[in-house]
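Here's a quick briefing to read alongside the model.

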Amino acid sequence: MLKKNILIYGATGSIGSSVLNLIRNNREQFNVVGVTCNSNIDKLLDIANEFECHKLGINNKTKVQSYSEIKNYNVHVGLDEFSKLIDNKVDIIIFAIAGSSSLSLLMDVIVSGKIIGIANKECIVCLGKTLLDLANKSSTEIVPLDSEHNALFQLMKNKNKESIRKYTITASGGSFLNFKKNEMENITPNQAISHPKWKMGKKISVDSSTLMNKGLEIIEACILFNISSNKIDAIVHPESIIHGIIEFNDRSSHAFLSQPNMEIAISSILFENNIVDLKDHELDLIKLKSFNFFEIDNTKFNAIKLAKFSLNEGGLMPAVLNYSNELMVESFLNKAISFNEITTNNEKIMKKFLIDGCNVQTPGITDLNNAFSIINSYIKPNNSIIDQFNR
Ligand code: NAD
Ligand code: MG
């Protein structure tokens, strides 16, 4: 069997580890031909060593200087050099860098004509339509790896889109599902980064606890599958076994069930037609016994409302929500703002951006970078937001 050559952007992260574990258990089918990290060079070198990979991408320019052993590798330093890791040999690219700072890189990756598994939701939310158009023109195949989107993607295969009336994605509800609004004020970063069902990076774990992850995922689904925001909703399903549901006009529904483990979604890009035995992830419904479903409490968590508002305003607004949220999560993790301020500040920033007349319909990358500068200017040194009416 011809081995597939895999390039992994964000190999040292949580998604990267899941990809590598699948490859580790099926070494005869894959070569790892490139791996990247932000600054965890020790981990990157361990991966390169284990998988006999000679091409590396390292973002942290300062730290890289203290590693003499990297002279044994072909190393690209700085995010803007990472696209050089793509060559004729690469078959599949996994894009698992966190955050929207990797947007320019993704724009290069998307025109490669390869098969790309995208886990990063921030970039899709920021410039999704443009990315999809570029992919289309370059015959690049996109496989969504976010579990809910991968579920919908697999459910929609060979289905007539016209016959689908509704899309549903599920939310575990995060760590604070049963907290009262006033109890949420004192939530600490350590509490917010431990997720009840999924093991993930810090940023997405905080997003899960504010439900902004689900808000971003609704935007992501609308862009990826070209559907309007009134056709998709999120519901709380604490067991996290059903990930996505499509309902047909005849009111029958198809649901995608699996253990909450990213290896299952990722396996759909590595192995064609689900031909792989992931025996550690067997689903035992008798043991599980019951599933629960709840409506999202929008008075406690307003992330879905903000996401749908941004979709209805269109243009730059989904990107504004996403960028503001990235800044606020970072401030929260640095203990500069409280847990509840993440979402209240996101709302203030969106409103101010609109009131200032800064939205642009059909934005390009320059509009996006301008928007990011405008948002940076709204944040005072003490981390409060400039009053929305104070122009
Ligand atoms: P993580 O924090 O565990 O890993 C992020 C990876 O990106 C690391 O390899 C890190 O070195 C790299 N990285 C971060 N900033 C970088 C920069 N500026 N330049 C270069 N490399 C950089 O995150 P994760 O949980 O693996 O998530 C990765 C992406 O996948 C996120 O966008 C997240 O929303 C999405 N996602 C994750 C999960 C999950 O289960 N972890 C599920 C769905 C979607
Ligand atoms: Mg998800």
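S240 is found in the loop between β9 (232-236) and β10 (242-248), where helices (H or I, at least four residues) and strands (E, at least two) are DSSP runs numbered from the N terminus. This is a predicted model, so local features need pLDDT of at least 70 and side-chain atom pairs count only at pLDDT 80 or more, while totals for chains, interfaces and linings use all residues. Residues are numbered from 1 along each chain as its sequence is written, chains are lettered from A and ligands numbered from 1 in the order in which they are written, and side-chain values use heavy atoms, with hydrogens and water left out.

- Phi of S240 is near 50 degrees, a positive value in a residue other than glycine.
- For context, most residues other than glycine have a negative phi.
- S240 is buried, with a relative accessible area of 3%; buried means under 20% relative accessible area, exposed over 50%, and partly exposed in between (1.4 Å probe, protein chains only).
- N273 also isn't a glycine, yet has a positive phi of about 55 degrees.
- You'll find N273 in the loop between α10 and α11 (285-288), and N273 is exposed, with a relative accessible area of 66%.

**The magnesium ion**

- Which residues hold the magnesium ion (ligand 2) as protein donors? They're D146 (OD), E148 (OE) and E217 (OE), lying 2.1 to 2.2 Å from the ion.
- Donors here are N, O and S atoms within 2.8 Å of the metal (3.2 Å for Na, K and Ca), and water is not among the atoms, so sites may look incomplete.
- Along the sequence, the donor residues are spaced D-x1-E-x68-E.
- D146 counts as buried at 8% relative accessibility, and E148 counts as buried at 5%.
- The side chain of E217 makes a polar contact with the side chain of K121 (2.8 Å); a polar contact is a pair of N or O atoms within 3.5 Å, and within protein one must be able to donate a hydrogen and the other to accept it, with residues adjacent in sequence counting only if both atoms are side-chain atoms.
- K121 sits in helix α4 and is buried, with a relative accessible area of 5%.

**Ligand 1 and its shell**

- There are 23 residues around ligand 1, and T12, S14, N38, E122 and G201 come nearest; a residue is near a molecule or strand if one of its heavy atoms lies within 4 Å of it.
- An N or O atom in the side chain of T12 is 2.7 Å from an oxygen atom of ligand 1.
- N59 puts a polar side-chain atom 3.3 Å from a nitrogen atom of ligand 1.
- A98 uses its backbone instead: an N or O atom there lies 3.4 Å from an oxygen atom of the ligand.
- Taken alone, ligand 1 exposes 830 Å², and the protein buries 87% of that; accessible areas come from the Shrake-Rupley method with a 1.4 Å probe, and for residues only the protein chains shown count as cover.
- The elements giving two or more residues to this shell are α1 (14-24) and α4 (121-137).
- By type, the shell divides into 11 nonpolar, 9 polar and 3 charged residues; Ala, Val, Leu, Ile, Met, Phe, Trp, Tyr, Cys and Pro count as nonpolar, Asp, Glu, Lys and Arg as charged, and the others, Gly among them, as polar.
- Domain 1 (4-144) and domain 2 (145-300) each supply at least three residues to the shell, with bounds from an automatic or database domain assignment.

**Helix α10**

- Why call α10 (residues 262-270) largely enclosed by the rest of the structure? Because 9 of its 9 residues are buried.
- N261 caps the N-terminal end of α10, with a side-chain oxygen 2.9 Å from the backbone nitrogen of E263.
- A265 lies in α10 and is buried, with a relative accessible area of 5%.
- The C-alpha atoms of A265 and G117 are separated by 9.8 Å, though the two are 148 residues apart along the chain.

- A171 belongs to strand β8 (residues 164-171) and is buried at a relative accessible area of 2%.
- A171 and I235 are 64 residues apart along the chain, with 6.0 Å between their C-alpha atoms.
- S228 is in the loop between α9 (212-224) and β9, and counts as partly exposed at 40% relative accessibility.
- The side chains of S228 and N230 are joined by a polar contact of 2.6 Å.
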